[in-house]
Amino acid sequence: MITIYLNKDSSKPLYMQIYERIREDIIDRKLKPGTLLPSKRELASHLNVSVKTVENAYYQLLIEGYVYARERSGTYVARLDHYRREKHPRKEYIPPVPPETCDIDLKSNTNPVFPMNTFRKTIKHVVDDDQGKLLETAPFNGMPEIRRAIADHLQDFRNMDISPDQIITGCGTEYLYSRLIQLWVPVPMP
């Protein structure tokens, strides 16, 4: 059974504490690929938290690719060939400045501080340098520049070695659902 010390007085939610500990155990290879994680109910009972708390932690692990679920079987540790252990300290998250301390009201379109001339010049520069690229059909998997930026972000903040070719971007969920349906091929999980 996974034992995790939970600090209930911490500002960090309990599900994030569970997620981070299991994630670290997976990255450190303390939990090997293919290992069956405890059921949500078992772990919740063991840690004395709600099932929803454990469910949220497992869900976060699932969407980030650390685990996979098999229907009526459980949640398993995924193979992490594309992850690597960080060689440098993780960049510290700096929370945004609370709205009460901001000098600018960005909620309205009448802000006199907004650099409208700079914005206008930037738009003109993009359109002039574009040479018609804005009118072309976007590639199937999205604009390469956006996919490269996402891959760089995943590398910097999640230490994931992901190629931009593994990323698909699009405009809206309906469009992306149609792309997923086109890509879906049943593949047996390890």
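User: What is the accessible surface of the protein, and what share of it belongs to carbon and sulfur atoms?

Analyst: The model is predicted. Its accessible surface comes to about 14300 Å², and 58% of that belongs to carbon and sulfur atoms. Of the 190 residues, 25% count as buried.

User: Which elements make up the protein, and in what order do they run?

Analyst: The protein has 6 helices and 2 strands. From the N terminus on, the order is α-α-α-β-β-α-α-α.

User: Why is Asp-165 called exposed?

Analyst: Exposed means over 50% relative accessible area. Asp-165 has a relative accessible area of 63%, so Asp-165 is exposed. This residue lies in the loop between helix H5 (144-158) and helix H6 (173-183).

User: Which residues does Asp-165 touch, leaving out those up to four places away in sequence?

Analyst: Asp-165 touches Asn-141 and Arg-147. A contact means heavy atoms within 4.5 Å. As for Gly-142, 23 residues from Asp-165 along the chain, the C-alpha atoms of the two are separated by 9.7 Å.

User: Why is Asn-159 called buried?

Analyst: The cut-off for buried is under 20% relative accessible area. Asn-159 stands at 5% relative accessibility, so Asn-159 counts as buried. Its place is in the loop between H5 and H6. Asn-159 also has a positive phi of about 55 degrees, although it is not a glycine.

User: Where is Asn-48, and is it buried or exposed?

Analyst: Asn-48 lies in the loop between H2 and H3, just after H2. Its relative accessibility is 59%, and the cut-off for exposed is over 50%, so Asn-48 counts as exposed.

User: How do you know that the buried residues of H2 line one face of the helix?

Analyst: In helix H2 (residues 40-47), the residues Leu-43, Ala-44 and Leu-47 are buried. Seen down the axis of H2, these buried residues fall within an arc of 100 degrees, so they line one face of the helix. The face turned away from the buried side carries the exposed residues Arg-41 and Ser-45.

User: What covers the buried residues of H2?

Analyst: The cover includes helix H1 (14-27) and helix H3 (51-63).

User: What makes E1 and E2 a pair of strands?

Analyst: Two strands pair if there are at least two bridges between them. Strand E1 (residues 67-70) and strand E2 (residues 74-77) are joined by 4 bridges, so they count as paired. The two strands run antiparallel. Arg-70 has Gly-74 in E2 as its bridge partner. The hairpin has 3 residues between the strands, and Arg-72 takes a positive phi near 60 degrees in this hairpin.

User: Which residues make the nonpolar surface patch of about 710 Å²?

Analyst: The patch is made by Met-116, Phe-119, Ile-123, Val-126, Val-127, Leu-134 and Leu-135. A residue needs over 30% relative accessible area to belong to a patch. Leu-135 has 78%, so Leu-135 passes that cut-off and is also exposed. Leu-135 sits in the loop between helix H4 (116-130) and H5.

User: What share of the contacts with a separation of 6 or more comes from residues 24 or more positions apart?

Analyst: Such residues account for 55% of those contacts in the protein.

Definitions and conventions
Residues are numbered from 1 along each chain as its sequence is written. This is a predicted model: local features need pLDDT of at least 70, side-chain atom pairs count only at pLDDT 80 or more; totals for chains, interfaces and linings use all residues. Side-chain values use heavy atoms; hydrogens and water are left out. Buried means under 20% relative accessible area, exposed over 50%, partly exposed in between (1.4 Å probe, protein chains only). Accessible areas come from the Shrake-Rupley method with a 1.4 Å probe; for residues, only the protein chains shown count as cover. The arc is that of the directions from the helix axis to the C-beta atoms. Patches are made of residues with over 30% relative accessible area and no salt bridge: like charges are joined within 9 Å, nonpolar side chains (Val, Leu, Ile, Met, Phe, Trp, Tyr) within 5 Å. A salt bridge is a side-chain nitrogen of Lys or Arg within 4 Å of a carboxyl oxygen of Asp or Glu.
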